[in-house]
Amino acid sequence: MASVPDEGGRAERALEDSIRTDLAPDGSYGGYLGLDQLLSAQHPRSRPEHHDELLFIVQHQTSELWLKLVLHELMAARRYLAADGLDPALKCLARVKNIQRTLTEQWSVLATLTPREYAQFRSALGNASGFQSHQYRAVEFVLGNKNGAMLAVFDGEPEARRLLEELLGTPTLYDEFLALLARTGFDVPADVLSRDVREPWRFQAGLVPVFRRIYESTDTPWGVYEACESLVDIEDNFQMWRFRHLLTVQRTIGARTGTGGSSGVGFLRRALDLTFFPELYAVRTEIGT
């Protein structure tokens, strides 16, 4: 049906006759997405309610939704690698990289919160802190930054603790990639393949020659090379996210301690020293020498 100009000359789009308007809740857009629950899940605690607290809540809720998808994709990629499905694993990693860029850009929205605005409702947070995000910890566990001591933080959240315990005791994404390389014919050291997966990843010098061969040989399957670069992309993106987080916190609360008891900016700055795939960076020093 064509647009019909109104008296002011504006075109007004009429509904097409075929558009359904008699949808039951379960068959509607809002029903499919659970919008009644989703849009009623914001509960500002400041009294009187401060205008900017909704921004703070929505920012962190949307971040958690994206982290849920990141974890979903990383765990799928890990399963694909374990089954020698390199191509579908790369598809999952490509999606993760795009989500990471969205997560990083979101900090620019929170950065519109001025120090004075935040100070007016900060006390309403109590001890709540992003440090307590079990999904963030789960992503770190899948990528190799495991820390069994973190489980105690989630003693009051049984399902969160169960997930982290499961991830603590299973191979990381990197473990599965290295196992795939070994099955493909690359000389991955045996002690790397048999390592205790409950431990955080530590630099393995014996892997550097493996990656040097991958990067320098013209016989390297393209998918293997692409997987190496995708892992580097994911770590780069993760560091950019951490850095933007640090800058946003710094411009909002300066050097004050975090709501969860951490040192705030200092704690976030130390996180920048963490690395998931150190051999993929170390090999760059060796190439061409």
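Which residues line the second largest pocket? Select Leu38, Leu39, Ala41, Gln42, Val58, Gln61, Thr62, Glu64, Leu65, Lys68 and Gln135. A pocket here is an open set of 1 Å grid points where a 1.4 Å probe fits, with protein on both sides within 12 Å along at least five of seven lines, and lining residues have an atom within 4 Å of a point.

Before moving on: this is a predicted model, where local features need pLDDT of at least 70 and side-chain atom pairs pLDDT 80 or more, while totals for chains, interfaces and linings use all residues. Numbering runs from 1 along each chain as its sequence is written, and side-chain values use heavy atoms, without hydrogens and water.

Helix α3 supplies six residues here, the largest share of this second lining. Helices are DSSP runs (H or I, at least four residues), numbered from the N terminus.

Next, stay on α3 (53–82) and move to the largest pocket, where α3 again gives the most, with eight residues. Select His60, Ala128, Ser129, Gly130 and Phe131, which lie nearest the centre of this pocket. In total, 48 residues line the largest pocket.

Now show the rings. Phe, Tyr and Trp (six-membered ring) pair if their centres lie within 6.5 Å; planes under 30 degrees apart are stacked, over 60 edge-to-face, the rest tilted. That gives 13 aromatic pairs. Pick Tyr215 and Tyr225: with centres 5.4 Å apart and planes at 75°, the pair is edge-to-face. Tyr215 sits in α10 (208–216) and Tyr225 in α11 (222–253), so the pair ties together parts ten residues apart in sequence.

Last stop: select Trp107, Tyr136, Tyr174, Trp201, Phe238, Trp241, Phe276 and Phe277, a cluster linked by ring pairs.

Note on methods. Helix = DSSP H or I, 4+ residues; strand = E, 2+ residues; numbered from the N terminus.
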